[in-house]
Each structure stands twice: as structure tokens, then as C-alpha cells.
Amino acid sequence: MRVDVITIFPEYLAPLGVSLIGKAADRGLLDIRAHDLRDWTHDVHRTVDDTPYGGGPGMVMKPEPWGEALDAVLADVPPESPELPPTLVVPTPSGRPFTQAKAAQLAESPWLIFACGRYEGIDRRVIDAAAERMAVEELSIGDYVLAGGEVAVLVMVEAIGRLLPGVLGNAESARDDSFAAGAMESLLEGPAYTKPAEWRGRTVPEILTSGNHGAIARWRREQAFARTAAHRPELLARLDPAALDKRDRLA
Ligand SMILES: COC(=O)COc1cccc(COC(=O)c2cn[nH]c2)c1
């Protein structure tokens with residue numbers, strides 16, 4: 001997968017060179033490129049923003065630098081997807097929710113371009129113009145306002161990148177099995193334990209060392225159900241009762 005990120009703070013994307021995503025990039029599973037939006041300004045102050053038409057607080061990102069930046073990125077077509085246009089992903093508080101399902105959908109794309117907005121946002125005409133030549137996804141990672149899209153890009157690239165074949169080791173990839181409790185589209189993950197068996201006077205639930213794998217699976221589902229009911233009751237409404245029964249039969 002090719003990933004281009006356009007931002008006025010390219011150094012903010014440095015963490016993508018570390019750990020899981022960094023190793024995937026080193027292995028050629030991801031080709032991540034950060035671009036400084038100011039490279040497409042032509043004034044001495046390298047201006048990227050201006051006051052909003054209609055008045056109001058803050059500044060809006062000017063369309064010209066974005067238009068030229070997207071032209072330049074699109075002109076550099078990756079060999080692995082000459083025919084498929086990229087998807088432009090714009091992190092924004094006013095976007096549709098970025099969910100595990102959306103991450104899985106975006107993980108199918110051969111080429112993602114992330115546009116990092118700042119200030120009060122990017123001139124709407126940039127998004128409208130882009131939508132005429134590629135798919136555009138305006139996505140929110142949560143109901144809060146950040147200073148810019150860069151942090152949201154780190155979140156999205158990690159959530160998407162870990163789904164790409166070969167990025168996760170076998171152990172972790174089993175976690176996303178659709179029947180495994182904790183797969184976000186169903187139940188929250190219950191408690192986890194490892195050695196030592198006793199730590200500062202606290203022991204591990206006996207069921208987990210019973211060797212009774214059916215009982216352990218049931219206990220884990222009960223724990224996940226209880227945690228979901230306590231922290232995210234609205235997710236229970238989305239649970240398919242048939243699948244729940246199926247899980248019991250699978251145990
Ligand atoms: C068309 O899109 C834009 O103009 C985007 O503009 C902005 C402006 C300020 C901040 C951001 C970053 O995104 C978030 O704050 C965000 C994403 N998820 N939850 C919070 C983006």
C-alpha cells in the first residue's frame with residue numbers, strides 16, 4: 001500500500017517510521033511519504049491560510065497550495081495501482097466515524113492520500129474538486145477537536161496498517177477473528193492475565209488454569225459481555241443474538 005500524507009508538519013509523521021508500521025514499511029508492505037504543504041506556496045512567507053469569507057474566528061487553509069500539492073502527488077502514480085485512483089482521507093471532527101469496519105475497508109485500497117487540515121479547516125472547494133477525480137472520505141476519530149489532522153493520521157495509518165497481510169505476527173492476527181470476543185464490531189475485550197500466578201497477594205481467576213477450554217471460552221465471553229454492558233451498552237444493541245448462540249455452540 002502506498003500512503004501519501006500532505007501536512008504543514010511533516011515531522012509529526014515521524015512515529016510512522018517506528019515499531020509495527022515502521023517495520024512494515026522497511027519490509028515494503030507500506031510505502032509512506034510525507035509532503036510539506038508549504039512546498040506548494042510561492043510567497044516569501046509560504047502562506048497556507050487566510051481569513052474566512054463571511055467572517056468568524058480563526059483562519060481557513062487556502063485552496064491553491066492544496067490544489068497544487070494534490071496535482072503533484074497524483075502525478076506520481078505508484079506502479080502497483082496505475083489504474084485505480086487513490087482514496088483521499090481527510091480527518092475532521094465533522095466527518096463520518098472512523099471505525100474498525102472503515103479501517104478494514106480502507107486496508108483494501110492500494111493507495112491512500114491523507115490531507116491534514118489545521119486552523120478552521122481546508123477551503124471546501126479543495127474537497128469538492130478532489131471528489132471529481134478520486135474517492136474522498138471525511139472521517140472523524142472521535143468527538144473532540146484536535147489542532148490538526150496529523151495525530152488522526154497516525155491513528156488511522158496504525159489501525160489500517162495492522163490489517164495488511166504480513167504486518168501482524170500470527171498471534172495477534174487471530175485477535176481479529178470475527179468470532180473472537182473483543183473484535184470491535186461485537187464485544188469489548190475482557191480481562192487478561194499472565195505469569196506470575198500470584199502478584200502482590202493477587203491471584204489469577206482459577207478457571208483460567210483449569211484446562212477446561214470450553215468453560216474458559218464461556219467465562220471470557222461472560223467477562224466481555226459484562227464489560228461491554230458496563231462501558232458501552234449501546235454495542236449490545238448491535239449484537240446478533242444468532243451469532244451469540246453460535247459462539248456458545250462453537251465453544
Ligand atoms: C474538510 O476537512 C477539514 O477541513 C479538516 O479540518 C480540520 C481542522 C481542525 C482539525 C482537524 C483535525 O481533525 C480533528 O480534529 C478530528 C478528527 N477526528 N476527530 C477530531 C481538521
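Trainee: Which side chain does the side chain of Asp 4 join in a polar contact of 2.7 Å, besides that of His 35?
Mentor: Keep in mind that this is a predicted model. Another polar contact of 2.7 Å links the Asp 4 side chain to that of Trp 111.

Trainee: Is Asp 4 buried or exposed?
Mentor: Asp 4 sits in strand β1, residues 2-7. Its contacts beyond four places in sequence include Arg 33, Val 73 and Phe 114. A residue counts as buried under 20% relative accessible area. Because Asp 4 has 0% relative accessibility, the word for it is buried.

Trainee: Which strands stand at the edges of the sheet?
Mentor: The open sheet has five strands, paired in parallel, in the order β2-β1-β6-β5-β7. Two of them have a single partner strand each, so one side of each lacks a neighbour in the sheet; they are β2 (31-36) and β7 (135-140).

Trainee: In β6, what is the bridge partner of Ile 6?
Mentor: β1 pairs with strand β6, residues 111-115, in the parallel sense over five bridges. In β6, Ile 6 has as its bridge partner Ala 115.

Trainee: And what angle does the direction of helix α5 make with that of β6?
Mentor: Helix α5, residues 150-161, packs on the sheet and touches β1, β2, β5, β6 and β7. Between its direction and that of β6, the angle is about 160 degrees.

How values were computed. Residues numbered from 1 in each chain as written. Predicted model: local features only at pLDDT ≥ 70, side-chain atom pairs only at ≥ 80, totals over all residues. Heavy atoms only, no water. Helix = DSSP H or I, 4+ residues; strand = E, 2+ residues; numbered from the N terminus. Buried < 20%, exposed > 50% of the residue type's maximum accessible area, 1.4 Å probe, protein only. Polar contact = N/O pair within 3.5 Å; in protein donor to acceptor, adjacent residues only side chain to side chain. Contact = heavy atoms within 4.5 Å. Pairing = 2+ DSSP bridges. Axes fitted to C-alpha atoms, helices over the stretch in contact; angles between N-to-C directions.
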